[in-house]
Amino acid sequence: MVQSNDFRRQWIEVGDAAMAAVQRVGGSGWYILGNEVKQFETALATYWGINYAVGVANGMDAIEIGLRALGLEAGGKVLTTPVSAFPTTLAILRAGGVPVFADVDDNGNIDLEGCRAVLRRDNSIRFFVPVHLYGIPLDLIRLQELKDEFDLAIVEDCAQSIGAAYADLPVGTVGQVTATSFYPTKNLGAFGDGGALLTDDNDLAIRAASLRNYGQSSLYVHDLAGLNSRLDELHAAVLRDALLPKLHRWTEARRGIAREYLSRIQNPAIARPTPPEGAKPVWHLFPVFIAADWRDAFRAFLREAGIATGIHYPRVIPMQEALLRSFNATTPAVVPKAERITATEVSLPIHPFLSSAEVNHVIDTCNEWRP
Ligand SMILES: *Cc1c(COP(=O)(O)O)cnc(C)c1O
């Protein structure tokens with residue numbers, strides 16, 4: 001089977017370094033918020049080119065903590081995308097915010113012109129959580145313009161886009177805060193849950209570090225009602241020693257596979273993604289778009305050929321039951337393009353451990369398919 005992810009192959013590559021890191025942490029006798037987390041935070045901030053990183057328990061918490069550190073309070077409106085992993089919006093709800101949705105573009109990424117229209121209509125919106133979906137970066141120049149024009153506090157959700165760039169600007173450098181995830185399937189995936197937020201602002205970093213640790217300002221002194229959302233020493237050590245050093249090569253491997261898919265999948269029934277000019281995606285996922293009525297048949301054809309596929313995502317966020325029930329949900333958004341993405345998207349396997357024979361098999365099978 002050509003799988004969507006292959007963690008066993010990853011372990012073969014990083015297992016020795018990971019075990020050495022576990023040995024070191026075990027022998028140190030220090031397991032929560034020690035030197036390992038500090039050193040990983042420094043390494044991640046350096047990799048990203050942002051001043052401060054704060055390790056947290058997962059990507060969803062990173063978004064919530066980021067919004068709270070930026071001053072979001074109960075009832076504050078937060079502009080975001082209807083096509084993403086649900087935790088993007090759930091983090092807004094958990095922070096007390098009211099999500100407001102703008103529609104997406106043909107790649108499924110939030111449409112920044114549509115955002116401008118929403119922000120013009122409602123000048124009470126001060127917060128924005130954009131997502132660089134599938135690892136395809138938004139146009140960061142236009143994101144910066146939007147931030148300046150409407151004086152926005154932005155948490156960029158970079159859970160799928162670590163290492164991506166637009167016009168040589170790294171994603172995560174426009175928002176005051178960047179949030180990312182180390183969930184195992186992510187491009188920098190750990191052996192369990194983890195996340196981080198990054199910021200150039202020292203005060204925000206201090207507030208975030210307090211929020212992740214019960215809101216303590218010093219031992220047993222609680223100035224904020226925070227979370228328990230710490231990155232473990234074990235995960236931090238494994239991330240720094242075994243995983244982060246591989247990220248550049250893994251990203252290049254994803255890009256190599258995407259180049260093959262983009263140039264060699266030639267089937268009029270399969271629409272490929274179209275990253276904007278100047279974008280350097282990191283291809284967390286590789287979406288293709290199939291007419292809604294044919295999507296199941298396409299997936300079945302690939303499954304027959306031993307190829308796993310996914311759907312990211314099958315339902316727009318404003319129509320999720322949890323959101324419709326939520327006490328601070330807004331009226332359902334009208335997002336026809338988002339509806340179309342959720343009806344037509346299929347994710348092809350793209351991970352750094354695919355062999356070239358497997359990549360060729362995916363391409364040949366796509367080219368053989370007839371609706
Ligand atoms: C995975 C993901 C999250 C949440 O990360 P967790 O670590 O699973 O909490 C948030 N946003 C996006 C876009 C994601 O892909």
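Biologist: Which side chain has an N or O atom 3.3 Å from a nitrogen atom of the ligand?

Modeller: Look at T88: an N or O atom in the T88 side chain is 3.3 Å from that ligand nitrogen. Such a pair is a polar contact (N or O atoms within 3.5 Å). Keep in mind that this is a predicted model, where local features need pLDDT of at least 70 and side-chain atom pairs pLDDT 80 or more, while totals for chains, interfaces and linings use all residues. Residues are numbered from 1 along each chain, and side-chain values use heavy atoms, without hydrogens and water.

Biologist: Which side chains have an N or O atom 2.9 Å or 3.1 Å from a ligand oxygen?

Modeller: Q160 has one 2.9 Å from an oxygen atom of the ligand, and for K186 the distance to a ligand oxygen is 3.1 Å. The protein buries 90% of the 380 Å² that the ligand exposes when taken alone (Shrake-Rupley areas, 1.4 Å probe).

Biologist: How many residues surround the ligand?

Modeller: There are 15, and the closest are G59, D157, Q160, S181 and K186; a residue counts if one of its heavy atoms lies within 4 Å. This shell holds 6 nonpolar, 7 polar and 2 charged residues. Helices α3 (59-69) and α4 (87-94) each give at least two residues to the shell; helices here are DSSP runs (H or I, at least four residues).

Biologist: Where is L234, and is this residue buried, exposed or partly exposed?

Modeller: L234 sits in helix α8 (residues 233-264). With a relative accessible area of 41%, L234 is partly exposed, because that term covers values between buried (under 20%) and exposed (over 50%).

Technical notes. Polar contact = N/O pair within 3.5 Å; in protein donor to acceptor, adjacent residues only side chain to side chain. Nonpolar A, V, L, I, M, F, W, Y, C, P; charged D, E, K, R; others polar. Buried < 20%, exposed > 50% of the residue type's maximum accessible area, 1.4 Å probe, protein only.
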